[in-house]
Amino acid sequence: MITHYNIMTEKQEKILNSALELFAKEGFTATSTNKVAKQEEKILKMHAKGALISDVSNTIIQFDTIKGLMILPVKYKGEMKNFIFDTGAFSSLIRQNNDSKNIISVGGASNREVNMSFETIPSLKIGDFDFQETLALFNELEGLDKNVDGIIGQTIIRNTNWLINYPKKELILTKNDISDDSFKTIKIIREDTAPYTNVTIDGVDYKCVLDLGSSSYLSIPEGSKLAEKVLSKYKFTDYTRDTWTIGGLNKDYEKTSILPVMKIGDIEFNNVKMNVKKTSQLRIGLPFFSNYQIFIDNKNGVYKIKME
């Protein structure tokens, strides 16, 4: 059975045009306009492709964690690999060199960029679900934990639903809505395939990306108005840690504190760990939901959560 949840609908042109901005300007300077146009058309077509092939409705796997992030067992080219699950990733990434002449420049949360090649991969299997003809980027992923072979991004994630039970380290991939009335709904806004929502902090609403490939709880960009507000209101502690983003290993210099209360829509959260650091945008990471089940319902375009 073939399943494909297409999230690009009427916003497809905007999303695809935004994807073009990933290309490195340096790569265009010595290239004819006609060749650039063909290269752009190629990645757009590849990004829009991809389907789930499976005779079953659900498949259940156990996952491990590294630095709080989900590490999924993935079968690629007949071998089992370890991939990070990352809702904030535009595409899946695979740790290997590739001789493709298709090159883009990809930026991460730290605003660093690196050139990567890209191709359509025939198959990538998670449990009994086979994701076929999906776009993937290729790079050595310098600085990433040596036990990690790649990243599962939106070119895979968008093709099915995902029930994450973080406390039990269990993941269910499903074609159906397997949530119930005990789940609370988080409304999602899609921008360039990434999931955003609105959060309320001290009575003010902010747009925030739900980045389950981030190891932070709540990250606030330094220099932003929100950062200035919380730094003046709450007591912070300086903290340093090593993190990996696009471009390699990164030493984060953070200021950390506790936010007494914040809301995602109508859902209230108390005593939220937050940091102010160099990051591209306001984001909620996977540890924020460490005591929850998370249901990513791509068919209906929402996230749902409930306390485990």
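In what order do the six strands of the open sheet stand, and is their pairing parallel or antiparallel? The order is β3-β13-β12-β23-β24-β14, and the pairing is antiparallel. The edges are taken by β3, residues 58-62, and β14, residues 184-187; each has a single partner strand, so one side of each is left without a neighbour in the sheet. On average, and with direction ignored, neighbouring strands of this sheet are turned by 20° against each other.

Before going further, a word on confidence. The mean pLDDT of the protein is 85, and 81% of the residues reach 70 or more. The exception I wish to mention is residues 1-33, where pLDDT stays under 50. The model has 59 contacts beyond four places in sequence for that stretch. Where pLDDT is low, the predicted coordinates should not be read in detail.

Strand β12, residues 161-165, pairs with strand β13, residues 170-174, in the antiparallel sense over five bridges. Within that pair, I164 has L171 of β13 as its bridge partner. The loop between β12 and β13 holds K169. The phi of K169 is near 55°, a positive value in a residue other than glycine. With a relative accessibility of 26%, K169 counts as partly exposed.

I turn now to strand β16, residues 194-201, in which T197 lies. Six of the eight residues of β16 are buried, which leaves the strand mostly covered. T197 itself counts as buried, at 3% relative accessibility. What does the side chain of T197 meet at 2.9 Å? A polar atom of that side chain lies 2.9 Å from the backbone oxygen of K187. Leaving aside residues up to four places away in sequence, T197 touches I186, K187, Y206, K207, C208, L210 and I264.

With β15, residues 189-191, the pairing is antiparallel and covers three bridges. Here E191 stands opposite A194 of β16. The hairpin of β15 and β16 has two residues between the strands, and D192 takes a positive phi near 55° in it. With β17, residues 204-211, the strand β16 runs antiparallel and is joined by six bridges. In this case T200 has D205 of β17 as its bridge partner. The hairpin of β16 and β17 again has two residues between the strands, with D202 at a positive phi near 50°.

Is β5 enclosed or open? Six of its eight residues are buried, so the strand is largely enclosed by the rest of the structure. Strand β4, residues 64-66, pairs with β5 in the antiparallel sense over three bridges, and D64 has I71 of β5 as its bridge partner. Two residues separate β4 from β5 in their hairpin, and K67 in the turn has a positive phi of about 55°. Strand β6, residues 79-85, pairs with β5 over six bridges, also in the antiparallel sense. There L72 stands opposite F83 of β6. In the hairpin of β5 and β6, with two residues between the strands, K77 takes a positive phi near 55°.

Which residues of the largest nonpolar core touch the most other members? They are I126, W162, M262 and F289, in a core of 58 residues. Strand β21, residues 267-277, gives this core its largest share, five residues. Apart from this core lies another, of 16 residues, among them L69, I71, I84 and A89.

N271 has a phi near 55°, positive in a residue other than glycine, and with a relative accessible area of 58% N271 is exposed.

Key: Residues numbered from 1 in each chain as written. Predicted model: local features only at pLDDT ≥ 70, side-chain atom pairs only at ≥ 80, totals over all residues. Heavy atoms only, no water. pLDDT = per-residue confidence, 0-100. Contact = heavy atoms within 4.5 Å. Pairing = 2+ DSSP bridges. Helix = DSSP H or I, 4+ residues; strand = E, 2+ residues; numbered from the N terminus. Axes fitted to C-alpha atoms, helices over the stretch in contact; angles between N-to-C directions. Core = buried A, V, L, I, M, F, W, Y, C linked by side-chain atoms within 4.5 Å. Buried < 20%, exposed > 50% of the residue type's maximum accessible area, 1.4 Å probe, protein only. Polar contact = N/O pair within 3.5 Å; in protein donor to acceptor, adjacent residues only side chain to side chain.
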